There are 2 protein chains.
Amino acid sequence: MKGNIVVGQSGGPTAVINSSVAGVYVAAKQLGVDKVYGMVHGIEGFLKDKLTDLDDYLSDDMGVELLKRTPSAFLGSCRFKMPKIEGHEDVYEKVFEIMEKHDIQYLFYAGGNDSMDTVKMLSDYAAAHGKSQKFMGVPKTIDNDLPITDHCPGYGSSAKYIATSLKEIIRDNASFGAEKPTICIVEIMGRNAGWLTAAAALAKGPDCEGVDAIYLPERTFDMDGFMKKVKTLSETRTSVVIAVSEGVKLADGRYVCELEADSVPVDAFGHKQMGGTATTLAHKIAAEYGLKTRAVELSTLQRAGTHIASLTDINEAFQVGHDAVVAADQGKTGEMIILKRDCDSPYECGTSSYDIHQIANVERAVPDEYIGADGCSITAEYIKYARPLIIGELTPVFVNGLPRHILCREVIEYEK
Amino acid sequence: MKGNIVVGQSGGPTAVINSSVAGVYVAAKQLGVDKVYGMVHGIEGFLKDKLTDLDDYLSDDMGVELLKRTPSAFLGSCRFKMPKIEGHEDVYEKVFEIMEKHDIQYLFYAGGNDSMDTVKMLSDYAAAHGKSQKFMGVPKTIDNDLPITDHCPGYGSSAKYIATSLKEIIRDNASFGAEKPTICIVEIMGRNAGWLTAAAALAKGPDCEGVDAIYLPERTFDMDGFMKKVKTLSETRTSVVIAVSEGVKLADGRYVCELEADSVPVDAFGHKQMGGTATTLAHKIAAEYGLKTRAVELSTLQRAGTHIASLTDINEAFQVGHDAVVAADQGKTGEMIILKRDCDSPYECGTSSYDIHQIANVERAVPDEYIGADGCSITAEYIKYARPLIIGELTPVFVNGLPRHILCREVIEYEK
């Protein structure tokens, strides 16, 4: 591999996106690359020439092991979207200018839909302008909504966190079931796709009753049906736990969390603050039925819970980073590494690379066969699909009672 | 030890209250007890003669190991408070009638303030009526607010969960700090005492910036001071994470979470639903400063996160259960086992037993020396106190990717 390389992280962090950086680093070093740079805060920082030399952190294998155990984006992330090329050639030229300055021949970008758009735009620009640099996408998103790939690194760990947390919440909620059930509504991330919420179904097993209903944004939220279901459950169960996606919408197009939104302050730009789907539903149940309710938002932790990440997910995140470097070395550009499942049991999954134009900006919803006919349950087909993704653990390195992480100085000391 | 014994769990569950049941069981069996009964749903179920025979679950050591790894109250919990004796002698006689029916000579009750009141009332009644049965309290509360004892089993694991989660939240929040900081407000349990919120201070270390401010209910919440602090932090940091207790109150006595409460529905009994302190503060910051905010409530998981429980805490929870049985066998009654710290480093902690009358219904707040002079920080003295309590882990038994628990059939199939 000739020249240097750079790797960046973009979009919402995951529990394992740092394993992909580790995979890029290790593969590049195996191929004899001199400098493996990291973009500090993604393409946004890169445009300001904010780089870090990963040798400073990862040349010792202990650094790689800590990086695999560190949540969120070690290099810092961004929500920057490349502008359209016409009229913004200067932004594109700036990217190539900085690449040339550091003799960077390959750029790797780990992210979801928006981030893959960046890879697409840069590789398109390079092709149109006869540039030799190569651009590869590394898939990452807890939302699991990238097309073509069997699943996305990051999803398995979030699913494991969600299922583990739900098992714990179900035990907690069941403890008070003597006379009257508490209705516990658990809100899970996923504005448009219900993949994360579906993971609630994994909690069920010989040692867990499982959740009593699961509502995904792929189905219109029927408030009357929901309230009737709660009523029935409250009369027959000693504990009721229901999982809802933050993105569930009524037939009239309003998000459920907007029902209380009139009473919610807006920010300085007049934007309503979203969130609160579980709270909204819990309030309604308490007000109409007089039942004890509890609302839980899994919030940030479902994408940052590296202490209970899936080893399968960590290894695959590493692999897609590694294989992006190998593919680029073989001449590929404008592609993303995808995961291809060969077998469910025993689980076997390999990688391939795929044209980024078919991937960027496309969202994959939970397919019909994974959603029960009642619209609020998950099928055995989904369990078969998802179970292998949550298997295995990578024990944290506990120091003074807490998981040890690794920090990037250039992120902590970033100057605007 | 003659006759049989019964053990019950009461009040809010913890990550390790089941270890105390394991300790009671193991000690009783060592002392030759025939039947170790569990109260199903505490004294409330006991009054209906709802019992389980713990041999059915724990006679195999594997059962004990799974019980130590199972969150919440294995036996079911309750919020039942014994009525005052005068005029309610029938309730007390019922307890003794059921004890006699099963030849139960000793009753062990694991819980916090209210539960210790039950132990006090029952032992007082026994003393006043010449009953020979003995009653011992087993301390348990994530709130860490029982007096006399150095700390309470359950606290260490919650503190470990909180500190681990905050390290992950801090990393997540830092990832987007390139241009504008996100202000993340993390709400932690503790209505009257700030012990749990103080645990946020444990996150700080060589691999973590720590939280930027910590607000406990022991100090009046100064909204202007808070807003100024946020403003200053937002101008100097690339990421701001603040921990607040759900119980913080303004000088006029209102909870911070009540500021938005006019817009919050009330339940069928007209009760305002509490919670939402972090959301209230996040809304205010967004509205006044136009800053991006995020509100996180750690919620149920901080008392149910057994998958990352502290081994020190698990062992101590086991020990207080064990030693309650030993003390009762030695003739003690109307007492609670307390933890007595002998040394901070190396940490050494033994047990003793103490008159329940000095413990029941008394709440211990965080002492002044643990709270910084600015009212929103935590001192090194607290760290010295709390750090040993979060040390060590007990690896979950992972089956199909998730921690395995053990269930009590009589709780799951409870009939009202």
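This is a predicted model: local features need pLDDT of at least 70, side-chain atom pairs count only at pLDDT 80 or more; totals for chains, interfaces and linings use all residues.

Me: What is the mean pLDDT of chain A?
Reply: pLDDT is the predictor's confidence in each residue, from 0 to 100. In chain A, 96% of the residues reach 70 or more. The mean pLDDT of chain A is 94.

Me: Over which residues of chain A does pLDDT stay under 50?
Reply: The model has 15 contacts beyond four places in sequence for this stretch of chain A, a contact being two residues whose C-beta atoms, placed from the backbone, lie within 7 Å. The stretch with pLDDT under 50 is residues 264-269.

Me: What ipTM and pTM does the model score?
Reply: Both scores belong to the model. They are ipTM 0.96 and pTM 0.96.

Me: In what order do the strands of the seven-strand open sheet of chain A stand?
Reply: Helices (H or I, at least four residues) and strands (E, at least two) are DSSP runs, numbered from the N terminus, and two strands pair if DSSP finds at least two bridges between them. The pairing in this sheet is mixed. Strands S3 (51-53) and S11 (347-355) of chain A each have a single partner strand, so one side of each is left without a neighbour in the sheet. The order is S3-S2-S1-S4-S5-S10-S11.

Me: How many bridges join S10(A) to S11(A)?
Reply: A hairpin joins S10(A) to S11(A) through two residues, and the two strands run antiparallel. Asp344(A) stands opposite Tyr347(A) in S11(A). On its other pairing, S10(A) runs parallel to S5(A), joined by two bridges. The number of bridges between S10(A) and S11(A) is nine.

Me: Which strands of chain A does helix H12 of chain A touch?
Reply: Helix H1 (residues 17-30) of chain A lies across S1, S2, S4 and S5 of chain A, at about 175° to S1(A); angles run from 0 to 180 degrees between N-to-C directions, and axes are lines fitted to C-alpha atoms, for helices over the stretch in contact. Helix H12 (residues 311-329) of chain A packs on the sheet, and its direction makes about 165° with that of S5(A). The strands touched by H12(A) are S4, S5, S10 and S11.

Me: Which strands stand at the edges of the four-strand open sheet of chain B?
Reply: The order of this sheet is S7-S8-S6-S9 with parallel pairing. Each edge strand has a single partner strand, so one side of each is left without a neighbour in the sheet. Neighbouring strands are turned by 20° against each other on average, direction ignored. The edge strands of this chain B sheet are S7 (213-215) and S9 (293-297).

Me: Which residue in S9(B) stands opposite Cys184(B)?
Reply: Strand S6 (residues 183-188) of chain B and S9(B) pair in the parallel sense over five bridges. Helix H10 (residues 277-289) of chain B packs on the sheet, touching S6, S8 and S9 of chain B. The residue opposite Cys184(B) is Arg294(B).

Me: How are H1(B) and H12(B) oriented to each other?
Reply: Helices H1 (residues 17-30) and H12 (residues 311-329) of chain B pack at about 40°, with their axes 7 Å apart. Angles under 35 degrees count as roughly parallel, over 145 as roughly antiparallel, 65 to 115 as roughly perpendicular and the rest as oblique. H1(B) and H12(B) are therefore oblique.

Me: How is H1(B) oriented to H4(B)?
Reply: The axes of H1(B) and helix H4 (residues 61-68) of chain B come within 7 Å and cross at roughly 150°. That angle makes the pair H1(B) and H4(B) roughly antiparallel.

Me: Which helix gives the most to the side of chain A that touches chain B?
Reply: The contact takes 73 residues from chain A and 73 residues from chain B. Several elements of chain A each supply at least two residues of this side, including H2 (42-46), H10 (277-289) and S9 (293-297). With 10 residues, the element that gives the most is H7(A).

Definitions and conventions. Residues are numbered from 1 along each chain as its sequence is written. Chains are lettered from A and ligands numbered from 1 in the order in which they are written.
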